[in-house]
Structures are given as structure tokens and as C-alpha cells.
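Please take a first look at the structure shown here before reading on.

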Amino acid sequence: MDLGPERLLRTVVDLVAEATTDSGLHGEVLRAQREFFGGSELPPGPAQELARGRFCEWFVLERESEHLGARPIDVLGGVPDAVRRALRDSVCSLFLVEQCSPYVRVRDVGSNETHELQTDATLDVGDLVVGRLYPGEADAVLPSPSAAILREGTQVAAALQRDLERAGIGRRLTQAEIEAVLFRNAAELQATQARRVPPERLEARLDSLLRAGGDRAHSAATISEALEAAASGPGQVIGPVLDALAFDTSVDLEAMRTAMLELWNEHRLRALERSREPAPRQAEAPRRTVIDRDARGLGATIADRIEQGLAAHEDIEELFADVEGMLGDESDEDEDPADEGAGALAGDLDALVQEFSWERSLDADSATGQILAEFVEHQTQLPVPGVYLEAIPARELVSFLLRAYLTAAPDQRSDAVRTRFAALAAFYVWAEETQMYELASTLAECRVAIVEPLERLQRASLALSQAAATAQRPRVLRVQRIEAGEVEVVGSETMPTWLDVPEAAVDLRVDDLLLAAMTADRQKGLVLQGPVVVLPAAAADLLE
């Protein structure tokens, strides 16, 4: 019987293909793909076929199936016993070539075990075989056709071993972990780099938005400088700017928020790049290209980085500290997690939205498609991005709906929120039914917090609003008591104040929030002035 690596790989690929036709396993395969590939698109060409092969090996040979209650290789039928034994005996890791003559000997970076490798590939001492090895004849092993070869990978292996020791991981990495470390992160980083926009263009966009909205109090240059200096996060700059624009201008607040976040991210990435710039070269040295380009991914990038550093006579310790950072050394307490770049923003949210849109035939111009795209963008641009659907708390759904509520015309706020909630609900229900996610409680919490009280909030807002504009800065007031048509409100800079508002009082509730300006009246004391927005109590922590 043929037990060569091509036959063994073809077997696991066929098993995954069969699983996708099974109603119980189809959704699980889709979820596993998003987990393995991080929701990112596969590279085109031969690299895509290699990546699919690695996924099939992981899904069949390593991953515990929720539907089957075991690894697929242990329970799926139709596999000859000899083939099943060979697949079970395979091992996935990073294997460093330590000897090439009279036979090839490789060392498992994870376990330090050595193997005799049978292969037709031309290997040199120091090369790194990344992927799965299948059993061969006389205790030798054979590389999977989906394995990659990283030329001169000794330093990469050493850096990875140091990372594993620091993290206390005394085992081999799984195939999914290897994919994330040496393949997936590089693809995500390249995609992020392709989407980057120079700060000058982002500042020009800010200027255009400010001018179009009639604002003359802010300048793009000043905002950009403040964002560049905002090391602890963009919220300290974005919040006050949006507050000032909300009542005094017609500036597109969502577009402003998006542009400011993009500008802050670009400043942050450029600061990180400057901190990692290599020392100036004393003399330009010729550079050899020794990387196997079929290996692709972060491994090739790391090898290239090492070679550049050695050619430039960089300090060895600093060079390998940089390499460890590229491998994602989370043990470095001096590293700011915010400086890790956007390569970790994959998650499953975007992939799920794309899958939902495809199944429902939603194009980019459809109302639901646009709302879900806005939701994905909203989540990815948070200070701590929420890119895993099941991990998104109800408060973030409330935040997303509140932005629609605040930016809609006063008499259209309820409709704007209901339209967006309907799109989210359709997506969440689909994810529960097809992906077996547990999302009902999150959706219900969001509904109670903002959707159910919409009509009364809108009525109260219209009843409290004054026609005359105001030059006063709006403040957040909380409803403390309601008695006989009067409402007592209090704020961080406002003493308890009674308002005589019988029309609005019937729709207000204790702990509701008023976003409003106040001015002094000789007869009535402090009174509301200008437009007023009534918000649910759930908005309290979002407005801090």
C-alpha cells in the first residue's frame, strides 16, 4: 500500500472535503478555517495550496471536533488501518537541519528529538523545515508536501526556543500556532501596510470635513499634533473634539472619528518604525539573497532582517531582540501592547460578516451590508479592538447604536437605531443558528438597554430641546428625581437643579442622561438651553 506523504496528505484533504458536505460538520469546518487562518485571505498561487494542506492536516490530526467529540482521524471511517496509523504517527513542528551527510538529520525545535529525514529537496545545515513529518522506512521520516523550507533558519529557531522557554511552554507548538507565528502574522501585516495612508492625506481629509461642516475653531494640524502626543490612547483627544463639534457644527462626526483614529494609528505605527530603525550603515555591504521564497511568511521576513542586520554590523543583542519582537515576545514587560501594530487584528468578526453577506446575497450598497461594514470598522478601531464576535460585550453594541442615535436628526433617532439593530440582530441570529455561537443574551441586553426605550427617549429629547442655538458647552446631566412634572438633574460640574418640564417628565426615568447645555436665568436659576439629547442609563460609562 502506498504510504507516501502525497497519499497521506491527499487523505486528510479528502476527509475535510467530505466533512464540508456533512450538515453537522459544515459549520465547524468554516469556524476552524477562520481560527486557523485568522480570518485573513490566503495568499494566491502555490502558497495557497500549501496553506490549505496545513489546515487540513491540523483539522483532521490535531483539532478536537465539537461535533464528533474526538479528533476526526480517530472516528471518521473510510480510512485504511495502515494509512490511519501513519497519520497518527506523524508529527508537526519546526525541524532544524543539523547534518546533511551521509544522511539528513533534523532536530525538533520543540522537543529536541532528532530524526533521519528522507527528502529529494536540497538542504543545508541550518535550514529549517516547517510543518509535518510523516513516518518513512526504517524509522526515517518524510516531509509533508505542505511543509515549507526556511533557508538559514538557525537564528529563527533559537529565538523561538527562547520565547517558548520564557513562556514556560515545554511542548511542541500545534500546527495552528505555527501558522500564526510564521505565516499568518506576516500576511496580515502586509495587508495593513498596503492600506496605510500618509498623515498628510489624513490631515487634508480632516480639514475638508471641518470646512464642510462649518467649523472654524479647530485645525487639522493642531488635532494631528495632539493625536501624535496621545501615547495613552486617542480617546483623550477624539472625545473632546467630537463633543465640541456635536452641537456647534454640522460636521460629519462619524467621518471625523474615523479619520482621527486612522491618523492616530498612523502616528503610532510610524513611531514604532522609528524606534526600530537599524543603526546607520558604516559602509554599504553587498547583500546575498539566500531565502527560499517558497517558504513565504514571517520566517522569510525574519531571516531577511537578520541578514540585513549582520551586513550593517548592528549590535548582535539588539538585532536578536528585534527578531524576538517580530516573533511576538509577549513576555517583554517594556513593550507597549498598543505598539504591536495591526497584525493582530484578524479575529473572526469580519470573516463572519462576509460569509453572512454572501449567504444573504448582500452587496456593498445594501443597507444591511453597509451597517455591518460600519460595525466591523467600529470594532476594529476601538483602543482594544473587538474582533471576535462572541467576545464583543453588549455595551459595544449599545455604543455602536448610540452613535447612530446621536448623529441622526432629532425626529429620526428612533428609526436610525432600529434599522441598525435589525441588521445586527439578523447577523447575530444567523451566527447562532449556523455557527453555534451563544449570542442571544448579548442581543437581549442590548435591546433592553437602548432599543426598548427609544420612543420615550426621542419624545423627551424633543420636548426638552430649545429652538435657540447655544454657545454654551454641553454637559452630561443625570436624572436624580422626578416629582409632579419637575425633574431634578445633577452633573459632575452641576449642583442638583430642579427643572420644570411637565411635557418631558412623563417620558423621563431616574438615571436617564441629558446631554445638554445650561445657562443662568435670573428668575429660574439654571435652565436648559439649545438642543437636548436624552440618553439611556446604559450610556453612562460610554460618555465618561
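**A buried serine, and the structure around it**

Ser-224 has a relative accessibility of 3% and therefore counts as buried, where buried means under 20% relative accessible area, exposed means over 50% and partly exposed lies in between, with a 1.4 Å probe and protein chains only. This is a predicted model, in which local features need pLDDT of at least 70 and side-chain atom pairs count only at pLDDT 80 or more, while totals for chains, interfaces and linings use all residues. Residues are numbered from 1 along each chain as its sequence is written, and side-chain values use heavy atoms, with hydrogens and water left out.

**The protein as a whole**

- The protein holds 20 helices and 11 strands, these being DSSP runs numbered from the N terminus, with helices (H or I) of at least four residues and strands (E) of at least two.
- Of the 544 residues in the protein, 48% are buried.
- When contacts between residues at least 6 apart in sequence are taken, 65% of them join residues at least 24 apart, a contact meaning heavy atoms within 4.5 Å.

- Ser-224 belongs to helix α9, which covers residues 220-229.
- Leaving aside residues up to four places away in sequence, Ser-224 touches Glu-203, Leu-263 and His-267.
- With the side chain of His-267, the side chain of Ser-224 makes a polar contact at 2.9 Å; such a contact is a pair of N or O atoms within 3.5 Å, where within protein one must be able to donate a hydrogen and the other to accept it, and where residues adjacent in sequence count only if both atoms are side-chain atoms.
- Pro-199 is 25 residues from Ser-224 in sequence, and the two are 8.3 Å apart in space, C-alpha to C-alpha.
- Asp-507 sits in the loop between α20 (502-505) and β10 (513-521), and because its relative accessibility is 11%, Asp-507 counts as buried.
- The residues that Asp-507 touches, not counting those up to four places away in sequence, are Arg-456, Arg-459, Ala-460 and Asp-512.

- Helix α16 (residues 394-407) has 14 residues and spans 20 Å from its first C-alpha to its last, close to the 20 Å expected at 1.5 Å a residue; the expected span is 1.5 Å times one less than the number of residues.
- Because 10 of the 14 residues of α16 are buried, this helix is largely enclosed by the rest of the structure.
- Among the buried residues of α16 are Leu-397, Val-398, Phe-400, Leu-401 and Tyr-405, together with Glu-396 and Ser-399.
- Helix α17 has 23 residues and reaches 32 Å from its first C-alpha to its last, close to the 33 Å expected at 1.5 Å a residue.
- Met-436 follows α17 and has a positive phi, near 60 degrees.

**Helices that cross**

- The axes of helix α15 (residues 367-380) and helix α17 (residues 413-435) come within 9 Å and cross at roughly 80 degrees, the axes being lines fitted to C-alpha atoms, for helices over the stretch in contact, with angles running from 0 to 180 degrees between N-to-C directions.
- That makes α15 roughly perpendicular to α17, since angles of 65 to 115 degrees count as roughly perpendicular, those under 35 as roughly parallel, those over 145 as roughly antiparallel and the rest as oblique.
- In this crossing, Thr-368, Ile-371, Leu-372, Glu-374 and Phe-375 of α15 meet Thr-419, Arg-420, Ala-423, Leu-424, Phe-427 and Tyr-428 of α17.
- By class, the contact of α15 with α17 has 7 nonpolar, 2 polar and 2 charged residues, where Ala, Val, Leu, Ile, Met, Phe, Trp, Tyr, Cys and Pro count as nonpolar, Asp, Glu, Lys and Arg as charged, and the others, Gly among them, as polar.
- Helix α1 (residues 5-19) and helix α5 (residues 81-88) pack at an angle of about 95 degrees, with their axes 10 Å apart, and that makes α1 roughly perpendicular to α5.

**Backbone details in loops**

- The peptide bond from Ser-101 to Pro-102 is cis, with omega near 5 degrees, and Pro-102 lies in the loop between β1 (91-99) and β2 (104-108).
- Ala-138, although not a glycine, has a positive phi of about 50 degrees; Ala-138 lies in the loop between β4 (128-135) and β5 (141-143) and is exposed, with a relative accessible area of 74%.
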